[in-house]
Every structure is written in structure tokens, then in C-alpha cells.
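Please open the model in the viewer and keep the selection tool at hand.

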Amino acid sequence: MFQNLFSPSVQHTLDLIGIFVFAISGALLAVRKNFDVFGIAVLAEVTALGGGLFRDLIIGAVPPAAFTDLGYFVTPLLAALLVFFLHPHVERIQVGVNVFDAAGLGLFCVAGTTKAYEYGLGLTQSVTLGLATAVGGGVLRDVLANEVPSLLRWDRDLYAVPAIVGATMVALCIRYDALTSFTSGLAALTAFVLRLLAMRFHWRAPRAWNRRSTVREE
């Protein structure tokens, strides 16, 4: 259905861009955590490829592209090398992590939703896998860095919601036969901008109604 949405070269380029920006965010977090060069490379690879690997295994797209295309494996290493030598000053690292992560979030929620639908999943299931594609690498990154994943913390700005919005926009475009390169790009841009706005204005999801927990907040 979507063979003409992007040419193979354009689709491959978009995939590599998404992988690169996610790898940058993983490598920057590794630097902030004072990891060595191997740790930086591992966190870059996991952040860049984790969500896509999960999606491909679920939909049966095996072996996953990360294991059949050398570019998918090498790109995170290049990002890790770049960060190793040229990372910003310590006080600016978190800003870089968030911006690159938001860019990857937007690109991957669109790519994940589209690919899941191509492999026969329904629209709701495709949105779910689009979300998993977008946030999966970040979750693995945070776990390996010994942090509670951002999308599970009430005190962190909205993370999963922008990806859900972007993935839902793709699903609606599919439903109404309006999915084009323009609408796909618009969905990715919407998720990216929503994430940036959430960080700028500290938008957060509500906690349990009338919460009276005695557990100490961390």
C-alpha cells in the first residue's frame, strides 16, 4: 500500500536519520553518566535500535533490519564517536539529550506505525507498535543507565503522549487514504514539536485522582 510513499533511498535515509538522532541522545546520556567509550557505544546502539528491534520481532519482520543492513549498525557507532570527542559542556548535555530524543521520537512513531500496518496489523495495534518503536529505545537506555524510564515518571514532562499523537495522526491518514510523504512528515513534526513544548512548559500527565499515598516521593 505504501510502496510509493517514499522511494527506497529516501526511506533508508529517514531511517538512518532517526537512528542517528536517537543514538546521539543515548551517547549524550552515557557521557553525563560518566560511562567509558564502550558504554557510550552500547547506549547509543541500544537507544537507536531497541524500539525497531522490538517492533520487527512482534510483526515477524525477521531478521530485523538492524542485522541485515550494516548502515543501521554503523550509524550509532558514528554518533557515539562524534559525542565521545565533541560532546557539549556538562551543564548543556541534558538539553542535547532532550532535543535529539524528541527528534527521534517524532521520526520513529511515524515509521513504526506505518511498518506495522504494512505487515497486516489493525490501526489500533499499529499505533501501539508505533509508540513502542518511538519509546522502546529510550526505555532501554534509561534502564541501562540506572534511571526510571522517563515515560513512567510523573515528575517528567510528557514523553509518550507526543508519540501517541504522531502515531494516531498516521493511523487517521491511513484510515482516510490520506497518507503521503507530506502528511507523514507533518505527523513526525507534530510529535517533535509537542515534545519540545512539553519540555518548555513542563506539561505533565495527571496522577491518580485524589491521591493520598503515604509512600515517600523520590
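A residue is called buried when its relative accessible area is under 20%, exposed when that area is over 50%, and partly exposed in between. The model under view is predicted.

The ring centres of Phe201 and Trp203 lie 6.1 Å apart, and their planes stand at 20 degrees, so the two rings form a stacked pair.

Next, select Phe84 and Phe85. Their rings make an edge-to-face pair, with 5.0 Å from centre to centre and 90 degrees between the planes. Phe84 is partly exposed at 37% relative accessibility, whereas Phe85 is exposed at 59%. Over the whole structure, a search finds 3 aromatic pairs.

Now turn to charges placed over rings. Select Trp154 together with Arg207: Arg207 lies over the face of Trp154, 3.8 Å from the ring centre. Then select Tyr176 and Arg175, where the charged end of Arg175 sits over the ring of Tyr176, at 5.1 Å from its centre.

Finally, select Cys109 and Cys173. How many disulfides does the structure hold? The number is 0. For Cys109, the nearest cysteine sulfur is that of Cys173, 12 Å away. A disulfide requires two cysteine sulfur atoms within 2.5 Å, so the 12 Å between the sulfur of Cys173 and that of Cys109 is too far for a bond. Cys109 is buried, at 0% relative accessibility, and Cys173 is buried with a relative accessible area of 15%.

Note on methods. Residues are numbered from 1 along each chain as its sequence is written. This is a predicted model: local features need pLDDT of at least 70, side-chain atom pairs count only at pLDDT 80 or more; totals for chains, interfaces and linings use all residues. Side-chain values use heavy atoms; hydrogens and water are left out. Buried means under 20% relative accessible area, exposed over 50%, partly exposed in between (1.4 Å probe, protein chains only). Rings of Phe, Tyr and Trp (its six-membered ring) pair if their centres lie within 6.5 Å; planes under 30 degrees apart count as stacked, over 60 as edge-to-face and the rest as tilted. A charge sits over a ring if NZ of Lys or CZ of Arg is within 6 Å of the ring centre and within 35 degrees of the ring normal.
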